[in-house]
Amino acid sequence: MKENQNISIQYTSYSHYSELDKAEQELLEKAVELSADAYAPYSEFNVGAAVLLKNGKIVAGSNQENAAYPSGLCAERVALFSASANHRNEVMQTIAIYAASETTAQKQISPCGSCRQVMVEYEVKQYSNLKVLLMNSSKEVWEFNSCKDLLPLAFDATALKKQ
Ligand code: THU
């Protein structure tokens, strides 16, 4: 039987980051700061990512490129892998992402598919939502309470596990 399906996702938009609570504003400011640490001589697209852990620590990420292009890594995965490697079982509560490129000034930034897949896997692993805050150079913010909203129908690692 053929049935058309529809998926809807939830998110909140803010015209300026000052509308968020203080802790989230600070996390977004940290992401802005971190974008200055990007090594992006090829794309000149600087991205900062700050992961807030349940214990209050903030883990830093920025995109790191390489002349052998596929060897580089997005800011989000630098931060997420660092959080997992250095704070193994600490819940990741929020990831704030900022892109400094002038071209994003009027529109939202958007994490790539690979970063979304990595976010979703940590969220599944920790049985707790990973909130995503995206901010552009105009300081507009999009808030997703779960990273799963950014990746409907995500591939689920539990599919790999033997029953
Ligand atoms: N990039 C990120 O770091 N995060 C994103 O959300 C999108 C893209 C990086 C990868 C590469 O260094 C540059 O931006 C251009 O794609």
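These are my notebook entries on a predicted model of a protein chain.

**Ground rules.** I number residues from 1 along each chain as its sequence is written, and I keep to heavy atoms for side-chain values, with hydrogens and water left out. Because the model is predicted, I take local features at pLDDT of at least 70 and side-chain atom pairs at pLDDT 80 or more, while totals for chains, interfaces and linings use all residues.

**Overall layout.** I looked up the secondary structure and found three helices and six strands. I take helices (H or I, at least four residues) and strands (E, at least two) as DSSP runs, numbered from the N terminus. Reading from the N terminus, I get the order β-α-β-β-α-β-α-β-β.

**Size.** I checked the radius of gyration, taken over C-alpha atoms, against the globule rule of 2.2 Å times the number of residues to the power 0.38. A compact globule of 163 residues would come out near 15 Å, and the protein chain has 16 Å, so the two agree. Along the principal axes, the C-alpha atoms fill a box of roughly 50 × 35 × 35 Å.

I then looked at contacts (heavy atoms within 4.5 Å). Of those between residues at least 6 apart in sequence, 67% join residues at least 24 apart.

**Helix 1.** I tested the length of helix 1, residues 22-35. The expected span is 1.5 Å times one less than the number of residues; for these 14 residues it is 20 Å, and the end C-alpha atoms are 20 Å apart, which agrees. Its buried residues are Glu24, Gln25, Leu27, Leu28, Ala31, Leu34 and Ser35. They pack against strands 2 (47-53), 3 (58-62), 4 (92-99), 5 (131-135) and 6 (141-144).

**Aromatic rings.** How many aromatic pairs does the structure hold? I count four, using rings of Phe, Tyr and Trp (its six-membered ring) with centres within 6.5 Å; planes under 30 degrees apart are stacked, over 60 edge-to-face, and the rest tilted. The rings of Tyr42 and Tyr69 have centres 5.5 Å apart and planes at 45°, so I log this pair as tilted. Tyr42 sits in the loop between helix 1 and strand 2, and Tyr69 in the loop between strand 3 and helix 2 (75-86), so numbered by DSSP run, 27 residues apart. Tyr42 is partly exposed at 39% relative accessibility, whereas Tyr69 is exposed at 60%. I also noted that ring pairs link Tyr11, Trp142 and Phe144 into a cluster.

Terms used: Buried means under 20% relative accessible area, exposed over 50%, partly exposed in between (1.4 Å probe, protein chains only).
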